[in-house]
Amino acid sequence: MAEKEQQQAFPLAPTNGYARSDAEAATADKEELRRQKRKKYLIYFAAFVIFQTLIIVLFSLTVMKVKTPKFRVRSSSSINTFDVPQTNTSFTLNAQFGVKNTNFGPYKYDSTTVDFLYNGIQVGSAVIPKSKANFLSTKKINVPVDLNLSGNTSNSEILTLTSTARLSGKVELMLIFKKKKAVNMNCTMDVNTRTRELLNVACK
C-alpha cells in the first residue's frame, strides 16, 4: 500500500515524444552548426585560392614579364674639337648612350659597336663595353666619337647623322630565370656646324 501511495504522490515522468524531440532538435542544431562551419571553411579556402591565383597572374604580368630594353643616343651629348674647312668637316662627339631597362631584374649586355653614318656612308664608330643596366633604371655610357665627314658634305650648316647598332644581352629575374633580349638602335640627329650643337635627337 505504501508503494502505491508513493507512486501516486510522485508519478513517473511521462515517456512521451517531447523529451526525444528536444534531444533530436539539439542534435540537429549541432549538425547544422557543423555544416555552417564547414561551409565557411570552404568559402575561406576558395577565396584564398582565388586570391593566390590573382596574385600569381598579376606577378606574371608585371614582375615576370620581360620587356625589351631601349638603347639610344641621349640628347645630352655634346660636341667639341670642331673643324670645318672648305671641303672637310670633322669633330669629336661626346656621345652619351643610354640603356633603359624597365624590367624587375638586371639586363646584362655584351659589348657592341655603334656606327655613325652621313648620307649612308660610315663616318665614325663607338665601342660600347660589356656591362649591365640595373632593374628599373637607365645605364648611361659616355664615349667620345671622332667623326670625319671629309668629302661628304656640301658646306651645309645642318648635318643629319644616323647611328645604328644592335645590343644583345639577357634579363635576369629572381636570380634564376634568364631571358635573351636584343635591341636595335636607329637614331637620327642634326649637327649645327655654326653653333656646334647637337639637335633633334630622335630614336625609333
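Guide: Let us begin with a definition: buried means under 20% relative accessible area, exposed means over 50%, and partly exposed is in between, with a 1.4 Å probe and protein chains only. By that rule, Phe71 and Phe97 are both buried. Please keep in mind that this is a predicted model, where local features need pLDDT of at least 70 and side-chain atom pairs count only at pLDDT 80 or more, while totals for chains, interfaces and linings use all residues. Residues are numbered from 1 along each chain as its sequence is written, and side-chain values use heavy atoms, with hydrogens and water left out.

Visitor: What makes Phe71 and Phe97 an aromatic pair, and why is the pair tilted?
Guide: Rings of Phe, Tyr and Trp (its six-membered ring) pair if their centres lie within 6.5 Å; planes under 30 degrees apart count as stacked, over 60 as edge-to-face and the rest as tilted. The whole structure has three aromatic pairs. For Phe71 and Phe97, the centres are 6.2 Å apart and the planes stand at 40 degrees, giving a tilted pair. Phe71 belongs to strand E1 (residues 70-73) and Phe97 to strand E3 (residues 90-101), 26 residues apart. Such strands are DSSP runs (E, at least two residues), numbered from the N terminus.

Visitor: Why is the pair of Phe97 and Phe116 called tilted?
Guide: Their ring centres are 6.4 Å apart and their planes meet at 55 degrees, so this pair is tilted. Phe116 sits in strand E5 (residues 112-118) and Phe97 in E3, so the pair ties together parts 19 residues apart in sequence. Phe116 is buried, as is Phe97.

Visitor: What makes a set of residues a nonpolar core?
Guide: The members must be buried Ala, Val, Leu, Ile, Met, Phe, Trp, Tyr or Cys residues, joined through side-chain atoms within 4.5 Å. The largest such core here has 35 residues, and Phe71, Leu93, Phe97, Phe116, Leu147 and Leu161 have the most contacts inside it. Several strands supply at least two residues each, including E1, E3 and E5. The largest share, six residues, comes from E9.

Visitor: How do you know that Glu172 and Lys108 form a salt bridge?
Guide: A salt bridge is a side-chain nitrogen of Lys or Arg within 4 Å of a carboxyl oxygen of Asp or Glu. The closest N and O atoms of Glu172 and Lys108 are 3.7 Å apart, and they form a salt bridge. Glu172 is in strand E9 (residues 158-173) and Lys108 in strand E4 (residues 107-109), 64 residues apart.

Visitor: What makes strands E10 and E11 a pair?
Guide: Two strands pair if DSSP finds at least two bridges between them. Strand E10 (residues 177-192) and strand E11 (residues 197-203) are joined by five bridges and run antiparallel. Asn192 stands opposite Glu197 in E11. The hairpin has four residues between its strands, and Arg196 there takes a positive phi near 55 degrees.

Visitor: What makes the phi of Asn119 worth a remark?
Guide: Most residues other than glycine have a negative phi. Asn119 is not a glycine, yet its phi is positive, about 55 degrees. Asn119 lies in the loop between E5 and E6, and at 62% relative accessibility it counts as exposed.
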